Every structure is written in structure tokens, then in C-alpha cells.
Amino acid sequence: MSTEQGVVLEGTGGVWKVRTEAGETRDASLRGRLKQESVEVLKLAVGDRVVLETDAARTQWSIAEILPRKSRLARRAPGEGHGERIVAANVDQVIIVFAAAKPEPHKRMLDRFLVIAEANSLESRIVINKVELVDRPWVEAYFSDYAVAGYPVHYTSVKQAEGLTELHDQLAGRTSVLTGPSGVGKSSLMNAMYPGLDLRVGEISESVNKGRHTTVGALLHPLPDAGYVVDTAGLREVGMWGLASEHLDACFREFRPFLEQCKFGDCKHEVEPGCAVIGAVGNGISAERYESYALLRGQIEEEERKSAAYRVVSKGKKRRS
Ligand SMILES: Nc1nc2c(ncn2[C@@H]2O[C@H](COP(=O)(O)OP(=O)(O)OP(=O)(O)O)[C@@H](O)[C@H]2O)c(=O)[nH]1
Ligand SMILES: [Mg+2]
Ligand SMILES: [Zn+2]
């Protein structure tokens, strides 16, 4: 019996593709004992590091052990309720790509992606592609809130081969989740940075994949320079509504220095007197980011009200039956 360590690249129908340290790809199933061991095992995800075992003939491989994760991206905010699904494990960063134009950037959507990454305690990196289509000072001013908030922002153009080396350097040796709206140039960026690499990034259009990605899950692509890129459709739906409204404020990273200074411990930063967040708007927190917070908070609270009402209704039904 010999063992090998590897990284899970994808999983379908109980068979997991695992890339070994030697760079070979093996199909493996979860060992029976592991299957029963705990719920955690049911959440085996791409990016997980595992120990593979094989028989003497080296024909059958099975996953004997899942090594501890250092991070993960989940469909539900960590520790908040049931039904958590791990999209990818051992993620180092989330790369959020938008276009400077065509399609027009949507900052409120960018904020949602950032909240999702923050809720999972993951670093984010923002990429604004197609910058050759717009005035450079304008676009840098337009996204300046994010640099001020502390996010690295890359300005790239696949067309003019701009900013690609810098982005490439940040992907090397790390596991990155690449995300962003359709048509912003995610696949183009990957192909430009890794010529000849057959990446499926964005290949499956979101609409086609919509009904499938919950079961099929994400794909992990090995990069030539030792990193990985996770290709996952519909990060937009990940996590957000599992986040409790009172945790949203800390997901706006530039709010954090002020959160302890609000007069009330349970301050929602809406209308409360002595709110340090509101006090910092225009001076540490941009008005737009604050507005985005208020908007999202309203949406999450609305979801919470709906699901509380739903729980009451379904409880009543159960009792009658
Ligand atoms: N002008 C310009 N067009 C670009 C640039 N990068 C990509 N494009 C074009 O934008 C369009 C969409 O690019 P894709 O790479 O397919 O976009 P994507 O983000 O992968 O989209 P999905 O796979 O649908 O999520 C293509 O026509 C590209 O040629 C750029 O820097 N400048
Ligand atoms: Mg694509
Ligand atoms: Zn407050």
C-alpha cells in the first residue's frame, strides 16, 4: 500500500480528480470509512489537499485523508446556519474582474463580490480590464474608493497588453478564485497571461451552467507557475444571504476602525445617534460605499424577515399534519 498527497481539481458523481505532487492526475473515490466519518467529509471541495492510497497494483486510488484547510469559500457565510456548501478550499485570494466599459462597471455589484470575499475572510484583488476604452485618470478616479479602502486595484487591457505582468505575478504560486460579470474579459486575461493554456475559465456560460454548478461545483486549474485558478460560475449567488445583517458592517473593510467607536454596541449605522461610521462618511469612508452598505443591509434584513416568516408558517403546517 502506498500513499501520495494531492490537490482536488474537480469532483463529479463521487469520483474526484486529484493532482498529485508529481503533477499526475488520478481519479479517486472517498474511502468508505471516510464517507461515514463526519459531515465535513461531505464537503470535500476543489482545492482540498488529500492523502491518496492505492493498492499494490496501483490501479485504484482512494482518498484516505483530507488535510486541514487554511481557508475556504462557502456558499453560506461561515458558521451561520445550515446548508453550508464549500465552493473551494485553500483559496488565497479572490480576483474580481470588471470592465472599465463594455459592459459598464457596476460598483454596487463589485461591493457585493467584496462582501462575499470578506465574509469568507479572503483577500480580494480588483481588476479593471479594457482600460484602453476610457480615459485613464477618469477610471482611476472612478475606482479610487477601493484603493482608499485598502484593496489592490489592477488596471489592465488585454488589447494593449497592459498590466498583465503585474497581475500574472500576483497569481503565481497562489490559489485564486477568478470572478466577475460576463463579458469583462476574464477568459481573455487568462489566455493572454498564459498563452497556450487550455483554461476553461468562463467557457461554460453562466446561463448554461446555472442549474448544474451546485452539483458539479467549481473547477481548479493548475497554472504553469505553480498556482491554481478556480473557475466558478455564479459567485454572485455565493454566501451573501447567509450573512447575518449584523456582520455586514465588518465586511466593508474601511468601516472596521470605526465600528468599536459607535455609541451603541448594536449600532446598525443607519440613524443611530453617536454613530462613528456615519461620522466618518466623507472622511475615511466614501459616501458611495456607505450607501452601498445601507442598501445591502436593507436587502439582507428583508431576507431575514422573509425567512423568519417562512419558519413560522412551516412550523404551523408541521403541527397540523
Ligand atoms: N476592448 C477590449 N476588449 C476586450 C479586452 N479584453 C477582452 N475583450 C473582449 O471582451 C469580450 C469578452 O471577453 P471574455 O474574455 O470572453 O469575457 P469573460 O469575462 O470571460 O466572459 P464570460 O466567459 O461570459 O464570463 C471579447 O470580445 C474580448 O475580445 C480588452 O482589454 N479590451
Ligand atoms: Mg469567459
Ligand atoms: Zn454606527
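Strand S8 (residues 93–99) is mostly covered, with seven of its seven residues buried; a residue is termed buried if 20 or more other C-beta atoms, placed from the backbone, lie within 10 Å of its own, exposed if 12 or fewer do, and partly exposed in between. The structure is a predicted model, in which local features need pLDDT of at least 70 and side-chain atom pairs count only at pLDDT 80 or more, while totals for chains, interfaces and linings use all residues. Residues are numbered from 1 along each chain as its sequence is written, and chains are lettered from A and ligands numbered from 1 in the order in which they are written.

In a regular strand the side chains alternate between the two faces of the sheet. Both faces of S8 are covered. On one side Gln93, Ile95, Val97 and Ala99 are buried, and on the other Val94, Ile96 and Phe98 are buried.

With strand S9 (residues 123–129), S8 forms seven bridges in the parallel sense, and Val94 stands opposite Ser124 of S9. With strand S11 (residues 175–179), S8 forms four bridges, also in the parallel sense; here Gln93 stands opposite Ser176.

A closed barrel of five strands with mixed pairing runs in the order S1-S2-S3-S5-S4. Neighbouring strands of this sheet are turned by 55 degrees against each other on average, direction ignored; axes are lines fitted to C-alpha atoms, and angles run from 0 to 180 degrees between N-to-C directions. Ala28 has Trp61 of S5 as its bridge partner.

Arg75 lies in the loop between strand S6 (72–74) and strand S7 (86–89). Arg75 is buried because 20 other C-beta atoms lie within 10 Å. Its C-alpha atom is separated by 9.0 Å from that of Ile116, 41 residues apart along the chain.

Overall, the protein has 12 helices and 13 strands, taken as DSSP runs (H or I, at least four residues; E, at least two) and numbered from the N terminus. Buried residues make up 35% of the 321 residues. Among contacts (C-beta atoms, placed from the backbone, within 7 Å) between residues at least 6 apart in sequence, 66% join residues at least 24 apart.

Terms used. Pairing = 2+ DSSP bridges. Contact = placed C-beta atoms within 7 Å.
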